[in-house]
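Student: Hey, I've just opened this one and could use a hand finding my way around. Can we go through it together?

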Amino acid sequence: MNSFQFAVWAMVRQPYRWFLAPQVSGLENVAKAAAKIKEENKGLLLVANHISAWDPMFICAVLEWNLLRDLGSVIFLGKRELFDRPWKRWLMKHLGCVNIRERAVVRGVIQGLRQGNVYFLFPEGCVSCDGRMGQDLGAVRFFAKHCSFVVLPIRLHGIWGGFRKDWRNIVAGRRRLRVAFGRPILVEKGYHEHLDAMALIRDVASGPASTPQWVPSWATP
């Protein structure tokens, strides 16, 4: 994490976890992924379904500092609309987000995966408007044609239709965000016709959940 990312993480972590009271499973797989990329000398691609614009923050906030430190600097791959204003470009730059629609960025990601860098990607490309997972747009298959890397699937569920539509249920304690980390998977360089990142995310099951100690009294499992 860069200094700006760390400041944001430290500022929002506890309020976020208190308010949403997330249930988390599979944290051990994050450590396994960090170890695997070192063992294989490969890059890491974090992939998750997309339920709200706050998802990267939701995911990072459930991770302890030691896990974030083991992962190292994370580069977020965002859509063009995140860079259509000067203030957005400034913010995205400091948050470590790059425009995946730029050819130079795509070439940089391929090179970075070869060098062992860590990237974050939403394979469906946009926020789900109804809480259901969308289709894989093929970015992971594309990168696999050019290099080998490790994939860590992450599943967000429990909040339907995104945070903006479901905030009343969240405040009332009728919804609990769940974040599940799947097992890291090594993807070898080649043409993988049936590689579906969204299917990998759907296959992530919620195991025994850990819940922050500052869970509000109105939140129920």
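Student: What do the side chains of R141 and D136 meet in?
Tutor: A salt bridge, with 3.3 Å from N to O. Keep in mind that this is a predicted model.

Student: Okay. Is D136 buried or exposed?
Tutor: D136 is buried, because its relative accessible area is 11% and the cut-off for buried is under 20%.

Student: How many salt bridges does a search of the whole structure find?
Tutor: The search turns up 4. Another one of them joins D84 and K88, whose closest N and O atoms are 3.1 Å apart.

Student: And how accessible is D84?
Tutor: D84 has 37% relative accessibility, so it counts as partly exposed. K88 is partly exposed too, with a relative accessible area of 23%.

Student: What about R69, which residue does it form a salt bridge with?
Tutor: With D70, and there the closest N and O atoms are 3.9 Å apart. D70 is partly exposed, at 31%.

Student: Switching topic: how many residues does the largest nonpolar core have?
Tutor: It has 37, and the ones with the most contacts inside it include L44, F120, L177 and F181.

Student: Which residues does L177 touch?
Tutor: Leaving out residues up to four places away in sequence, L177 touches Y16, L20, A21, P22, Q23, I51, F58, H157 and I159.

Definitions and conventions
Residues are numbered from 1 along each chain as its sequence is written. This is a predicted model: local features need pLDDT of at least 70, side-chain atom pairs count only at pLDDT 80 or more; totals for chains, interfaces and linings use all residues. Side-chain values use heavy atoms; hydrogens and water are left out. A nonpolar core is a set of buried Ala, Val, Leu, Ile, Met, Phe, Trp, Tyr and Cys residues joined through side-chain atoms within 4.5 Å. Buried means under 20% relative accessible area, exposed over 50%, partly exposed in between (1.4 Å probe, protein chains only). Contact means heavy atoms within 4.5 Å.
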